[in-house]
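Trainee: I have a new model to read. Please walk me through it, feature by feature.

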Amino acid sequence: MSTPHISASAGDYAKTVLMPGDPLRAKFVAENYLDNVKEVTNVRSMLGYTGTYKGHPVSVQGSGMGIPSIQIYATELYNHYGVENIIRIGSCGALQDDIALGDVVIAIGAGTDSMVNRHRFKGYDLAATSDYGLLRAVVDSAEKLGKTPRVGTIFSTDFFYSVDTEQVALLEKYQFAAIEMEAAGLYGLAAELGKKALAVCTVSDHLKKNQQMTPEERQLSFDEMFTIVLDAAITL
Ligand code: HPA
């Protein structure tokens, strides 16, 4: 069995899949955090792995960048590989003054400038929200590790290079914590299919303060997010 974009066999994925955008980050998580690791797909170099974390099966699969790409992989995982929970583990740009580089943002819901949810929901406004059980598990896990993550709304844009010069100010005013490129599509898809999804992001840059993390800072702070989410994933 395989799907157009995934060459794994039936049963190759755990019921919970962590999804970084970067396939090499999927490889990094598999090699550094999981035991008994098996590469389950490499179509288009979009790597996916299954292993165990503290004895429990967990998968990690690259999603690529943007809503169209994550929807392709998430649709095939949910519909053909029996996956129930997808937790995006990504990066984001902060929009509020009280959020700093390296902070972990958990997206309770996502706004977007994409039309995908309008298409799937016949032009109505879909409340693109995370699954409360996944959200709760990740918040509990963070607190057990002594961390205080930011829980808020994020904005999923189709434009990394924005065409709207006033967008950052508008998003800040409407209390969006951060901007990224995938969560709203993932949440809309999970609603459509009756599955569960959550997006967790580490702040890699600050749009108001014009700050970016160094590669070393990325490595360290992404580690915090991986541990929080993996500890949560095995409670699901
Ligand atoms: N815009 C969109 N996506 C992002 C950003 C950003 O500034 N930073 C990290 N992901």
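Trainee: How many helices and strands does the secondary structure of the protein come to?

Mentor: Ground rules come before the count. This is a predicted model, where local features need pLDDT of at least 70 and side-chain atom pairs count only at pLDDT 80 or more, while totals for chains, interfaces and linings use all residues. Residues are numbered from 1 along each chain as its sequence is written, and side-chain values use heavy atoms, with hydrogens and water left out. Helices (H or I, at least four residues) and strands (E, at least two) are DSSP runs, numbered from the N terminus. Here there are 7 helices and 10 strands.

Trainee: What is the radius of gyration of the protein?

Mentor: The radius is taken over C-alpha atoms, and the globule rule is 2.2 Å times the number of residues to the power 0.38. The protein has a radius of gyration of 17 Å, close to the 18 Å that the rule gives for 236 residues, so it is as compact as a globular protein of that length. Its C-alpha atoms fill a box of roughly 45 × 45 × 30 Å along the principal axes.

Trainee: What percentage of the 236 residues is buried?

Mentor: Buried means under 20% relative accessible area, exposed over 50%, and partly exposed in between (1.4 Å probe, protein chains only). Buried residues make up 53% here.

Trainee: What share of the contacts with a separation of 6 or more joins residues 24 or more positions apart?

Mentor: A contact means heavy atoms within 4.5 Å. The share is 76%.

Trainee: How many aromatic pairs does a search of the whole structure find?

Mentor: Rings of Phe, Tyr and Trp (its six-membered ring) pair if their centres lie within 6.5 Å; planes under 30 degrees apart count as stacked, over 60 as edge-to-face and the rest as tilted. The search finds 8 pairs. Take Phe155 and Phe176: the ring centres are 5.5 Å apart and the planes at 80°, so this pair is edge-to-face. Phe155 lies in strand β7 (residues 150-156) and Phe176 in the loop between α5 (167-173) and β8 (178-180), so the pair ties together parts 21 residues apart in sequence. Phe155 is buried at 9% relative accessibility, and Phe176 is buried at 14%.

Trainee: Which aromatic cluster includes Phe222 and Phe226?

Mentor: Start with the pair. Phe222 and Phe226 are edge-to-face, 6.2 Å centre to centre with 70° between the planes. They sit 4 residues apart in helix α7 (residues 215-233), separated by about one helical turn. Phe222 is buried at 4%, and Phe226 is buried at 2%. Together with Phe28 and Tyr33, they form one aromatic cluster.
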